[in-house]
Amino acid sequence: MACFLVPAAEAVITTVASKVIKSKESEESVRLSLPDGSVEETKKISFSAKLGWLNKMLWGGSALLAFEHVWHGEVVPFFPFLSAVETGETAEMLAEMGTAGVMMAVLVTAVWGGMLAISSVVEKRALCAPEPAAEGAQG
């Protein structure tokens, strides 16, 4: 009925947090040794960019859920906007928000945590790559 409001609320909070963090961050450059022997300087992925991943997932999921609720007539274009409030099913709506909405927000955040873990492993692997042998060196 209104389960999409929970991930949308989390999206609002993380959007604000992302903007605050981004304003305080500085870019960090690292040098990578590529397999072909060249060295490239690149920037690490900032935490605000990673938080942006979560924002996109939350906003996208909330928008799709809101559309689905509009499609089924659970969200209407007139006050009180939620048909459950209009028909007196407010307790059921709050229960759904507390179960389905919270679980969706937790699941999206857990998937994002997995994405952070994978990106951290990839970044560390790239940084710890062995230096290529100097050209002409004998072993």
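This is a selection-by-selection tour of a predicted model.

Residues are numbered from 1 along each chain as its sequence is written. In this predicted model, local features need pLDDT of at least 70 and side-chain atom pairs count only at pLDDT 80 or more, while totals for chains, interfaces and linings use all residues; side-chain values use heavy atoms, with hydrogens and water left out.

**Whole chain**

Start with the protein chain as a cartoon. Its secondary structure comes to four helices and two strands, in the order α-β-β-α-α-α along the sequence. Helices (H or I, at least four residues) and strands (E, at least two) are DSSP runs, numbered from the N terminus.

Switch to the C-alpha trace, which spans about 80 × 30 × 20 Å along its principal axes. The radius of gyration of the protein chain is 23 Å, whereas a compact globule of 139 residues would have one near 14 Å. That radius is taken over C-alpha atoms, and the globule rule is 2.2 Å times the number of residues to the power 0.38.

Now show the surface. The protein chain exposes about 9400 Å², 67% of it from carbon and sulfur atoms. Areas come from the Shrake-Rupley method with a 1.4 Å probe; for residues, only the protein chains shown count as cover. Of the 139 residues, 26% count as buried. Buried means under 20% relative accessible area, exposed over 50%, and partly exposed in between (1.4 Å probe, protein chains only).

**Nonpolar patch**

Select Val12, Val16, Val20 and Trp59. They form a nonpolar patch on the surface with about 350 Å² of accessible area together. Patch members have over 30% relative accessible area and no salt bridge; like charges are joined within 9 Å, nonpolar side chains (Val, Leu, Ile, Met, Phe, Trp, Tyr) within 5 Å. A salt bridge is a side-chain nitrogen of Lys or Arg within 4 Å of a carboxyl oxygen of Asp or Glu.

Helix α1 (residues 5–24) gives the patch its largest share, three residues. Zoom in on Val20, which is in helix α1 and counts as partly exposed because its relative accessibility is 41%.

**Helix α2**

Move to residues 47–71, helix α2, and pick Ser62. Its relative accessibility is 4%, so Ser62 counts as buried. Apart from neighbours within four places in sequence, Ser62 is in contact (heavy atoms within 4.5 Å) with Phe4, Pro7 and Ala8.

Next, select Leu64, also placed in helix α2. Leu64 counts as exposed because its relative accessibility is 63%. Finish with a distance label from Leu64 to Lys22: their C-alpha atoms are separated by 27 Å, and the two are 42 residues apart along the chain.
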